[in-house]
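This report describes the sheet, a helix and several individual residues of one protein model.

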Amino acid sequence: MEENTGVGIRVAAGIFLTIMLITIVVIITISSQDAAKQGQTKMASITTQLSDTEFNTYNNTTLSGSQVMNAIRQYMNLEQFGIKVTTGKQKGHDGTFYGNTFDVTTGDIPTPNKNLKLEDALNQTNATYINPSGQFKSYIVRDSNNMIRGIVFDQQ
């Protein structure tokens with residue numbers, strides 16, 4: 001009888017320890033999943049900030065025409081991105097888009113149609129000529145998803 005009692009106590013203790021071990025593993029797994037989700041959220045936020053940092057130079061600043069030309073050359077080939085330049089001779093007009101045409105208020109790009117020609121921007125007789133020593137006020141345009149879709153340069 002004592003043998004049966006000893007075996008019963010050992011079996012009960014084994015079951016109890018197994019249940020405790022499973023409970024501990026489940027608790028650790030749940031807490032690590034929460035930590036992983038928080039880490040992913042923070043990483044996404046940091047990634048967005050780093051990608052936006054590239055364009056912070058163009059947000060509410062005054063730049064020279066040569067800096068505008070450098071920005072056009074650097075960014076006009078980007079996917080879903082455009083640059084709008086309004087020179088002094090174009091005041092009251094629409095300006096010229098390089099890369100994709102976009103809506104300056106919503107950031108929407110209705111139909112991607114890239115303008116990759118810089119000849120007019122370099123031709124001094126053209127109204128779209130970007131004077132290297134001219135001063136341009138710039139700002140960035142975001143879409144409804146808070147993605148940067150373009151840069152606008154207006155000559156002062």
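Asn60 is located in the loop that links α1 (2–53) to β1. Here helices (H or I, at least four residues) and strands (E, at least two) are DSSP runs, numbered from the N terminus. The model is a predicted one: local features need pLDDT of at least 70, side-chain atom pairs count only at pLDDT 80 or more, and totals for chains, interfaces and linings use all residues. Residues are numbered from 1 along each chain as its sequence is written, and side-chain values use heavy atoms, with hydrogens and water left out.

Asn60 has a relative accessible area of 53% and is therefore exposed. The term belongs to a scale computed with a 1.4 Å probe on protein chains only: buried means under 20% relative accessible area, exposed means over 50%, and partly exposed lies in between. The phi angle of Asn60 is near 55°, which is a positive value in a residue other than glycine.

## The sheet

Five strands form an open sheet in the order β1-β4-β5-β2-β3, and their pairing is mixed. From one strand to the next, the twist averages 30°. Two strands are said to pair if DSSP finds at least two bridges between them. In general, the strands of a sheet pair through backbone hydrogen bonds, in either a parallel or an antiparallel manner.

Both senses can be illustrated with β5. β4 and β5 are antiparallel and share seven bridges; Ile140 stands opposite Ile151 of β5, and Arg142 stands opposite Ile148 of β5. β2 and β5, by contrast, run parallel and are joined by five bridges, with Val85 having Phe153 of β5 as its bridge partner. Seven of the eight residues of β5 are buried, so this strand is largely enclosed by the rest of the structure.

## The helix across the sheet

Helix α2 (residues 65–75) lies across β1, β2, β3, β4 and β5, and it runs at about 95° to β1. Such angles run from 0 to 180 degrees between N-to-C directions, and the axes are lines fitted to C-alpha atoms, for helices over the stretch in contact.

Which residues of α2 are buried? They are Gly65, Val68, Met69, Ala71, Ile72 and Tyr75. Viewed down the axis of α2, these buried residues fall within an arc of 160°, so they line one face of the helix. The arc is that of the directions from the helix axis to the C-beta atoms. Among the elements that cover the buried residues of α2 are β1 (61–64), β2 (82–86), β3 (96–99), α3 (119–122), β4 and β5. Contact means heavy atoms within 4.5 Å.

## The hairpin and its salt bridge

The hairpin of β4 and β5 has five residues between the strands. Asp143 is in this loop, between β4 (135–142) and β5 (148–155). With a relative accessible area of 13%, Asp143 is buried. Leaving aside residues up to four places away in sequence, Asp143 touches Thr106, Gly107 and Arg149. The side chains of Asp143 and Arg149 form a salt bridge (3.0 Å, N to O), a term that requires a side-chain nitrogen of Lys or Arg within 4 Å of a carboxyl oxygen of Asp or Glu. By this rule the count is one salt bridge, and both Asp143 and Arg149 are buried.

Asn146 has a relative accessible area of 45% and is partly exposed.

## A residue of β2

Thr86 belongs to strand β2. Is Thr86 buried or exposed? Thr86 counts as buried, at 6% relative accessibility. Not counting residues up to four places away in sequence, Thr86 touches Lys91, Asp94, Gly95, Phe136, Phe153, Asp154 and Gln155. Thr86 and Met20 are 66 residues apart in sequence, and their C-alpha atoms are 71 Å apart in space.
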